[in-house]
Amino acid sequence: MPVTQTQGEIGDGNEDSTTQMGTRRLKSVVWKHFTKIKVNGEDEAKCIYCKKLLGGKSKKGTKHMHQHMDICI
């Protein structure tokens with residue numbers, strides 16, 4: 001599974017899951033296709049298919065990740 005979890009599984013959204021970066025829950029379905037990692041102290045989202053790195057900060061949102069998925073898979 002691309003996201004490290006402490007409880008529950010990704011599914012209907014009623015579970016509590018946390019990432020390696022902190023305690024904020026990753027809610028978007030796009031996170032099933034990305035792994036959140038730190039690169040040079042910055043949060044990045046790594047595509048599990050093509051390994052491309054995209055911005056992974058919570059303030060960036062996930063639209064760019066959805067658009068990448070349209071192209072990638």
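Trainee: What makes up the secondary structure of this protein, and how do you know?
Mentor: The predicted model has 1 helix and 3 strands, in the pattern β-β-β-α along the sequence. Helices are DSSP runs of H or I with at least four residues, strands are runs of E with at least two, and both are numbered from the N terminus.

Mentor: Residues are numbered from 1 along each chain as its sequence is written. As this is a predicted model, local features need pLDDT of at least 70 and side-chain atom pairs count only at pLDDT 80 or more, while totals for chains, interfaces and linings use all residues; side-chain values use heavy atoms, without hydrogens and water.

Trainee: Why is alanine 45 called buried?
Mentor: Buried means under 20% relative accessible area, exposed over 50%, and partly exposed in between, with a 1.4 Å probe and protein chains only. Alanine 45 has 0% relative accessibility, so it counts as buried. Its place is in strand β2, residues 42-47.

Trainee: Which residues is alanine 45 in contact with, leaving aside neighbours within four places in sequence?
Mentor: Contact means heavy atoms within 4.5 Å. For alanine 45 the partners include Trp31, Phe34, Leu54 and Met65.

Trainee: Why does histidine 68 count as buried?
Mentor: Its relative accessibility is 12%, which is under the 20% limit, so histidine 68 is buried. Histidine 68 lies in helix α1, residues 63-72. Beyond four places in sequence, histidine 68 is in contact with Phe34, Cys47, Cys50, Lys52 and Leu54.

Trainee: What makes β2 and β3 a pair?
Mentor: Two strands pair if DSSP finds at least two bridges between them. β2 and β3 have 3 bridges in the antiparallel sense, so they pair. Glutamate 44 has glycine 55 in β3 as its bridge partner.

Trainee: What is the strand order in the open sheet, and why are β1 and β3 its edges?
Mentor: The order of the 3 strands is β1-β2-β3, with antiparallel pairing. β1 (34-39) and β3 (53-55) each have a single partner strand, so one side of each is without a neighbour in the sheet.

Trainee: Where does α1 lie relative to the strands?
Mentor: α1 lies across β1, β2 and β3, and runs at about 150 degrees to β3. Axes are lines fitted to C-alpha atoms, for helices over the stretch in contact, and angles run from 0 to 180 degrees between N-to-C directions.

Trainee: How confident is the predictor?
Mentor: pLDDT is the predictor's confidence in each residue, from 0 to 100. The mean is 77, and 68% of residues reach 70 or more. Over residues 4-19, pLDDT stays under 50.
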